[in-house]
Amino acid sequence: MARTRRKRKLDEPKPVPATEELLKYYNDMLMIRRFEEKAGQLYGMGLIGGFCHLYIGQEAVVVGMQAAIGEGDAVITSYRDHGHMLACGMAPKGVMAELTGRSGGYSKGKGGSMHMFSREQSFFGGHGIVGAQVPLGTGIAFGLKYRETDRVCLTYFGDGSANQGQVYESFNMAELWKLPVIYIIENNQYAMGTSVQRSSAQTELFRRGESFGIPGEQVDGMDVLAVKAAGEEAVAWARSGRGPYILEMKTYRYRGHSMSDPAKYRTKEEVQRVRSERDPIDRMREFLVTGAHSDEVALKAVDRDIKKAVTEAAEFAQNSPEPATSELYTDILLEA
Amino acid sequence: MATMTMIEAIRDALDVAMGRDDDVVVFGEDVGYFGGVFRCTQGLQAKYGKTRCFDTPINESGIVGTAIGMAAYGLRPCLEIQFADYVYPAYDQIVSEAARLRHRSNGDFTAPLTIRMPTGGGIFGGQTHSQSPEALFTHVAGLKTVVPSNPRDAKGLLLAAIEDDDPVIFLEPKRLYNGPFDGHHERAVTPWAGHPLAEVPAGYYSEPLGRAAIRRPGAAATVLAYGTMVHVALADVAARGIDAEVVDLRTLLPLDLDCIAASVRKTGRCVVVHEATLTSGFGAELAALVQEHCFFHLEAPVARVTGWDTPYPHAQEWDYFPGPARVGEALAAVLEI
Ligand SMILES: Cc1ncc(C[n+]2csc(CCOP(=O)(O)OP(=O)(O)O)c2C)c(N)n1
Ligand SMILES: [Mg+2]
């Protein structure tokens, strides 16, 4: 029998990590936020071109999940990937320089915003094709099991991507072979201009694994501690050989789908309401201050350090040289 | 006559088709409520209702597969794949089902669907928003493949595609949506307004599939092009003052071989241009056909100007894009100047 899937209650008690940990989550979320704001600015100035999908609003998901895994655990995601890369420990400079298409970027300008990778950080990439990373993450989990590690693969995808057929092919194989994969559905309620209600017969996405017997849980993806708590349970489940797990993260993206988005599919008030009532960073800040884990002065210092790191990344991304034309013909096959 | 962009012309064609035939249904990702990411279906849901113009989930295989079923049943689906780069999940349905249904049912069933998709580069889209996959379709027996280069053709060809009783792949060069891009990316964008082929007749008309158009008559050499590259070739020929004949193929399959052969027999020299990669590209087919049909008229080897055999780049788009300079070099080579 499958484990009962459930909706995690909003006020469910969750363990409070040590102050040092809490500050790290705050720092990491704010780092993503400021990095993305800067990317948005550089885009506006024409220094970043093409497609660029910002993660602003969703920071708690990736930071909370990262807190639930350890060294050697793998991560794979879609094109909305800057936050995942930073959370995995990839360098802001290398990420920003890939956005500007420079030789100092993680893919030397060959990948752009949607396609960066780091073997060192077990980050298997951002992927531009909707849903394509889901079977890949399943295969990575196969590898982790095959080599008899106790590691897991976090496989992220969006609410819209959850409708691709290959997601269900993956679910079936993952449960059939008891693969250590956590499927994290980042339900930000929209796939470009299409809301979940307009695209999905079953809008409770954590239930999408039911017929395969995969346990699923819905989580407040705007609360980093809730994410971490749910993530730890899911990871423990997968690590112990019991197979895949689905976490539906209820979250929200504040910005447009990509940089050109007329935003006619939702109201300004809707966005504003989430920003003022559920913002993951504001909530964490309040938690830190009211719980006496930190104070305004210390948090200002955090902000200042992050701003500095982001400014340096932006400078690096503008000064790093353009890739040589010959770079076009590299890394197609090992030898042509 | 109204002046239209390519987007407006496509929208107009869909409107006319839906108005004429209740069996025409229009759908795809973000197509209904949102009106399409390039706005090609804007207003159609409001006008024709949600049963005739609607959104689909993001599942290309399912979109095309159900469209084939609708078409086999008797409807005329005209669906949109948001970018041609996203068609691959549906490739199995296109190849194994749509293209083969007529043959294997001995003509009892057909799949008269039209699959519209924005194609080509020049918008800084990198490897997942810039590809030109036409050869993947022309290689498959049982499909027709169309690539318009201007608003007037886009409307007429799309109406013909929807009415056609076979599956049609309708590739829309996205860089042409808002203007006749000639490859000079460093210059200001030229709008369609003022272009003679942006004058689009109102109401119904159709442009038969399988007929090329000579965009510029000439005697010195033949340039075979389609889509965006028609404009690149025209601009380059004009800039260099070369008396080349520029042939806009318009449909790749069926192909207007008569027009091609007549032109090359007249000029004796031929340059083939496309944005897609070189190896096994449609240019290889064109070069082979020219060689078979015009061998004794050729004064020089057929030249191909194409994208390089690399993934479509993110950072080096204009090193990849076969712009006017490369077309000019090829013309100089075949003209031995
Ligand atoms: C196969 C494929 N189809 C369509 C697209 C175009 N596309 C890119 S993102 C997107 C929406 C995906 O929404 P969701 O999965 O909810 O992720 P979010 O953007 O909200 O993070 C679409 C339709 C694509 N990249 N790949
Ligand atoms: Mg979404």
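These questions and answers walk through a predicted model with chains A and B and ligand 1.

Reader: How many residues of chain B are in contact with chain A?
Author: The contact involves both chains. Chain A contributes 31 residues. By class, that side of chain A has 11 nonpolar, 17 polar and 3 charged residues. On the chain B side, the count is 25 residues.

Reader: Between which chains does ligand 1 lie, and which residues are the closest?
Author: Ligand 1 lies between chains A and B. Its surroundings comprise 19 residues. By class, this shell has 8 nonpolar, 7 polar and 4 charged residues. The closest are Val130(A), Gly158(A), Gly160(A), Ser161(A) and Ala191(A).

Reader: Why is strand β2 of chain B described as largely enclosed?
Author: Take the two directions in turn. Val24(B), Val26(B) and Gly28(B) point one way, Val25(B) and Phe27(B) the other way, and all are buried. A residue is buried if 20 or more other C-beta atoms lie within 10 Å of its own. The strand, residues 24–28, is therefore largely enclosed by the rest of the structure, with a buried count of 5 of the 5 residues.

Reader: Which strands stand at the edges of the open sheet of 5 strands in chain B?
Author: The order in this sheet is β9-β11-β10-β13-β14, with mixed pairing. An edge strand here has a single partner strand, so one side of it is left without a neighbour in the sheet. The twist from one strand to the next averages 25°. The two edge strands are β9 (213–216) and β14 (303–307) of chain B.

Reader: At about what angle does helix α10 of chain B run to β13(B)?
Author: Helix α10 spans residues 282–294 of chain B. It lies across β10, β13 (270–277) and β14 of chain B. Its angle to β13(B) is about 160°.

Reader: How far apart are the C-alpha centres of domain 1 and domain 2 of chain B?
Author: Domain 1 of chain B is 2–200 and domain 2 is 213–335. Contact between them involves 30 residues of domain 1 and 28 residues of domain 2. On the domain 1 side, the elements giving two or more residues are α6 (134–138), β6 (144–146) and α7 (151–163) of chain B. The C-alpha centres of the two domains lie 24 Å apart.

Reader: Where is Pro17(A) found, and what separates its C-alpha atom from that of Leu225(A)?
Author: Pro17(A) is in the loop between β1 (6–7) and α1 (19–44) of chain A. Pro17(A) is partly exposed, with 17 other C-beta atoms within 10 Å. Leu225(A) is 208 residues apart from Pro17(A) along the chain. The separation of their C-alpha atoms is 8.4 Å.

Terms used:
Residues are numbered from 1 along each chain as its sequence is written. Chains are lettered from A and ligands numbered from 1 in the order in which they are written. This is a predicted model: local features need pLDDT of at least 70, side-chain atom pairs count only at pLDDT 80 or more; totals for chains, interfaces and linings use all residues. Two residues are in contact if their C-beta atoms, placed from the backbone, lie within 7 Å. Ala, Val, Leu, Ile, Met, Phe, Trp, Tyr, Cys and Pro count as nonpolar, Asp, Glu, Lys and Arg as charged, and the others, Gly among them, as polar. A residue is near a molecule or strand if its C-beta atom, placed from the backbone, lies within 6 Å of it. A residue is buried if 20 or more other C-beta atoms lie within 10 Å of its own, exposed if 12 or fewer, and partly exposed in between; C-beta atoms are placed from the backbone. Helices (H or I, at least four residues) and strands (E, at least two) are DSSP runs, numbered from the N terminus. Two strands pair if DSSP finds at least two bridges between them. Axes are lines fitted to C-alpha atoms, for helices over the stretch in contact, and angles run from 0 to 180 degrees between N-to-C directions. Domain bounds come from an automatic or database domain assignment.
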